[in-house]
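Dear colleague,

I am handing over the structure we spoke about, and below it you will find what came out of the analysis. Please read the notes with the structure open beside them.

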Amino acid sequence: MKSPDDPAVRIQGLTKVFLGRNGTAVHALQDVDLEVNRGEVVAVIGPSGCGKTTLLRVLAGLDTTYEGHVQWDVTGEPGAGGNARSGGARGGRAPRDRLTSATVFQADSTLPWLTVERNVRLGLCRLRLDRRAADARVHDVLHLVGLRDFPRAYPHELSGGMRQRVAIARALATRPHLLLMDEPLAALDAQTRIVMQQELINIWRETHSTVVYVTHDIEEAVTVADRVVVLSARPGRVRLVRTTPTTGASVTDLRRERAFGDLVVELWNAIADEVGISLSPAGSSSPAGSSSPAGPSAPAGHASPAGPSTKAGAA
Amino acid sequence: MTTGSSVRDTPVKSATMAFGDSVERLRRRRTGEQRKRLAWAILTPVTLLAIWEIATRVGVLDARFFPPPLKIISDSFGFLTDPQLRHELLHNLGESGTRLIAGFVIGTCAGLAVGLAMGLHPVTRYALSGVINASYPLPKLTLFPLMIIFFGIGNMSMIALIALGVFFMVCINTTSGVIYSSPIYDDVARSYELPRLVRLRLITIPAAIPSVISGLRLAFGQALIILVSTEFVSGNGGIGYLIWNSWQVLDVPMMFVGLTIVGLTGWLVSVGINRLGRTLAPWQSD
């Protein structure tokens, strides 16, 4: 029997193998177990190439050739939203005004032949919304992501960060039960990123969204998520799961809290351990540097084994 | 009073004026660049024509085979004033135009339809790509006898051959436009559960447009080649016949008039297709 307390997403023993061009198998994910509760925001971090994006694509239903069990029932209503992609009778249900899931992709996913407004409206295609409700949603999300003045612009007239905000707006407009985000803020400049982090957190609180958030930015993961999952180096397994300190502080104030810094360091160490990096301040082993272990000293000298991961730690 | 208000207005006004100035400067720079491009585009051919003119006047080039450009121009005015010559020219142009347009339209429609089917439906693609890739590299003129067997001597066989050449270009480019468009568009379509028709209209077709446009451009060049060469050999009139016949009777100015018409047509249509591409796919900057 279903109960509202069941997890929204339950992944058991998920294993994903890619077949390379010359027939060699690449193990992306190995026996991943993960549960995401309804209304929970889970961030997934890990070394480059550990299968974060693959995990997200499986959840989005974009990758269907995997082994293991992926079950989801994001709406909490019997018969709706639960593994809906696998078909099943959908007739007789109340008109949908929310999409079961929506994905924000890492790469630019705006359609260059549609205006900003029509890019966002595209996501609403499958929903039963009258024109006025759709207009209102498009207007609201564009306002939210700071693109209110550009509804008729084409993506090629915008910066990369603005295009990514269009993609975020498109996903948010569908008010998805499950929101899947793959490094959604990576293309944004540092200031906008912080603003967007706060905006996303506010929206999620308001809409009780269930979110799976892939990022390479440890601080961002701790900032936006309720729980952070660290995947190991390829093949990706769940190495560590940590609950983040929930204080209700703003995105910037959060950084001042000790629990925040401690968790960032712990997560960084877990990832660094995965890729075999150890950090020590240049030329000394005194504990003086321990107040900012993942700080600016991070890339110095030790960067060679895995460049991208070092960058993730310093970000 | 008036001075008071003007003082208050000054900062705002000067700010907008400074802004207007820089916009004006940008505009001027852009038109300047356009003028420069146009000037060079005209200067080069004019210089070449001038060299030709001088070379024939001083006897470096044989004026019987390379009549000076000014003579060709004055002769072509003669074709326009002389009723019989004018009728001949217009008649041949009409013949060629009919063949070209009919062949191009038929070939384009068929190419778009088959190309789209091959792009959207893998089994169709597997089934047809072998045949198409094997027959595409054949010089189309080698198939002219076959076309005559199928469609008889006359317009039909020539139109069929033009359509065939156009078909290959458009079909291959449409197919690759559909299958090699960015996979992210496909992800978006699936992620937002777009219905099949919406997907075709808002994603598949627009994504293929740039490739289709370049297919059309190549196809028109191909169509002109096939048109002129079939007219060379068939003797059924047309601009190709006019060129070949003028050469045979050593009416060299008439031959050059024919060449100029073919060249101008190719150039103008290519410009037109480019413009069409920029209108349909403004995000593509080429």
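**The nonpolar core**

In this model the largest nonpolar core has 126 residues, and those with the most contacts inside it are A:Val42, A:Ala43, A:Ala169, A:Tyr213, B:Ile162 and B:Ala223. A nonpolar core here is a set of buried Ala, Val, Leu, Ile, Met, Phe, Trp, Tyr and Cys residues joined through C-beta atoms within 7 Å, and a residue is buried if 20 or more other C-beta atoms lie within 10 Å of its own, exposed if 12 or fewer, and partly exposed in between, with C-beta atoms placed from the backbone. Helix 6 (residues 155-179) of chain B contributes the largest share of this core, 15 residues. Leaving aside residues up to four places away in sequence, B:Ala223 touches B:Leu100, B:Gly103, B:Phe104, B:Ile162, B:Gly165 and B:Val166; contact means that the C-beta atoms of two residues, placed from the backbone, lie within 7 Å.

Please keep in mind that this is a predicted model, in which local features need pLDDT of at least 70 and side-chain atom pairs count only at pLDDT 80 or more, while totals for chains, interfaces and linings use all residues. Residues are numbered from 1 along each chain as its sequence is written, and chains are lettered from A and ligands numbered from 1 in the order in which they are written.

**Chain A**

Chain A has nine helices and nine strands, these being DSSP runs numbered from the N terminus (helices H or I, at least four residues; strands E, at least two). Of its 315 residues, 43% count as buried.

Six strands of chain A form an open sheet in the order 5-6-7-3-8-9, with mixed pairing, where two strands pair if DSSP finds at least two bridges between them. Strand 5 (101-104) and strand 9 (238-243) of chain A are the edge strands, each pairing on one side only, and the twist averages 15 degrees from one strand to the next. Within this sheet, strand 3 (residues 41-45) and strand 8 (residues 227-231) of chain A run parallel and are joined by four bridges, with A:Val230 as the bridge partner of A:Ile45. Helix 8 (residues 258-275) of chain A packs on the sheet, where it touches strand 3, strand 8 and strand 9 of chain A, and its direction makes about 180 degrees with that of strand 9; such angles run from 0 to 180 degrees between N-to-C directions, and axes are lines fitted to C-alpha atoms, for helices over the stretch in contact.

Elsewhere in chain A, strand 1 (residues 9-19) and strand 2 (residues 25-36) run antiparallel and are joined by eight bridges. The two form a hairpin with five residues between them, and A:Gly23 in the turn has a positive phi of about 90 degrees. Strand 1 of chain A is also joined by five bridges to strand 4 (residues 67-72) of chain A, again antiparallel, and A:Gln71 is the bridge partner of A:Arg10.

**Chain B and the interface**

In chain B, the axes of helix 8 (residues 196-234) and helix 10 (residues 252-280) come within 9 Å and cross at roughly 170 degrees. Helix 8 of chain B is therefore roughly antiparallel to helix 10 of chain B, a description used for angles over 145 degrees, with those under 35 counted as roughly parallel, 65 to 115 as roughly perpendicular and the rest as oblique.

Between the chains, 17 residues of chain A are in contact with 16 residues of chain B.

With best wishes
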